[in-house]
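My entries are kept in the order in which I looked things up.

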Amino acid sequence: MANPAMKIIGKASTEYVDSPATLKGTITKAFGLTLVTIASAIASGVFLANSPAAYGVLILGMIVGVVLTLVTCFKPHLAPMITPGYAVFEGAVLGIISAQFERMYFGISAIAVGITLATMILMLVLWKTRIIKVTETVRSVIISMTGAVAIFYFVNIIASLFGFHMMPTSGIFGIAIGFIIAGVAAFNLLLDFDNIEQAVAYGAPKYYEYFCAFGLLLTLVWLYIEILRLLQMIMAMFGNDD
């Protein structure tokens, strides 16, 4: 099974391209979107997290984030206009969520950010040195595991509506599941790096710089949240709450 993003990039290579995507341009967009997300997260964490509007902003941010994600995936040419807005709303969500964790364990967000960045660098090195080669088999495995995690989350959400919780939030079992899910998120970075390389190699249109940067940001956000949850369970297990 091929990566859906790669099918989109492959089709884009058949378009007439006056100004193709470049590696430098994609990196610049990814860096810019990340900065916007961080700035929005800090602002919402400082000014909104403790306000009565926090819950409303959280729900609104999640809904808008999902809508913008779907629009970007189905309409990649709109990525330059949509992705900055996604970064703002997703940053607001992350800021409020991080503030909640900070109230339980001071400094946990900074640790999660550091681990997320370290993981990204590690996966980049593994990909760049071809220690892990992104073959079609590797793609299929990563995509299948990601799909399994998505189904697990969906089933857990449905079950929680009826009072059942399939995903443990503490203990050894919960930590083990957290490690697995965070690992799947980390391996998705390999696909993001390879998608960027392929988009440039195919001579995809300029807007794919934003599209590929958006894909990388999505994975980083997912990885950060999973690491945050994992750290919370570990700290709770060892009684390191303030």
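The entries below take the helix contact, then the pockets.

I note that this is a predicted model, in which local features need pLDDT of at least 70 and side-chain atom pairs count only at pLDDT 80 or more, while totals for chains, interfaces and linings use all residues. Residues are numbered from 1 along each chain as its sequence is written, and side-chain values use heavy atoms, with hydrogens and water left out.

I looked up α5 (residues 108-128) and α8 (residues 208-237), whose axes come within 9 Å and cross at roughly 130° (helices being DSSP runs of H or I, at least four residues, numbered from the N terminus; axes being lines fitted to C-alpha atoms over the stretch in contact, with angles from 0 to 180 degrees between N-to-C directions). That angle makes α5 oblique to α8, since under 35 degrees counts as roughly parallel, over 145 as roughly antiparallel, 65 to 115 as roughly perpendicular and the rest as oblique.

For the contact (heavy atoms within 4.5 Å), I found Ile108, Ile111 and Met120 among the residues of α5, and Leu220, Tyr224 and Met235 among those of α8.

In the second largest pocket, 32 residues form the lining, and Thr34, Ile38, Leu117, Met120 and Leu220 are closest to the centre; here α2 (23-47) gives the most, with 11 residues.

Definitions and conventions. Helices (H or I, at least four residues) and strands (E, at least two) are DSSP runs, numbered from the N terminus. On a 1 Å grid over the protein atoms alone, a cavity is a set of points where a 1.4 Å probe fits but cannot get out, and a pocket is an open set with protein on both sides within 12 Å along at least five of seven lines; lining residues have an atom within 4 Å of a point.
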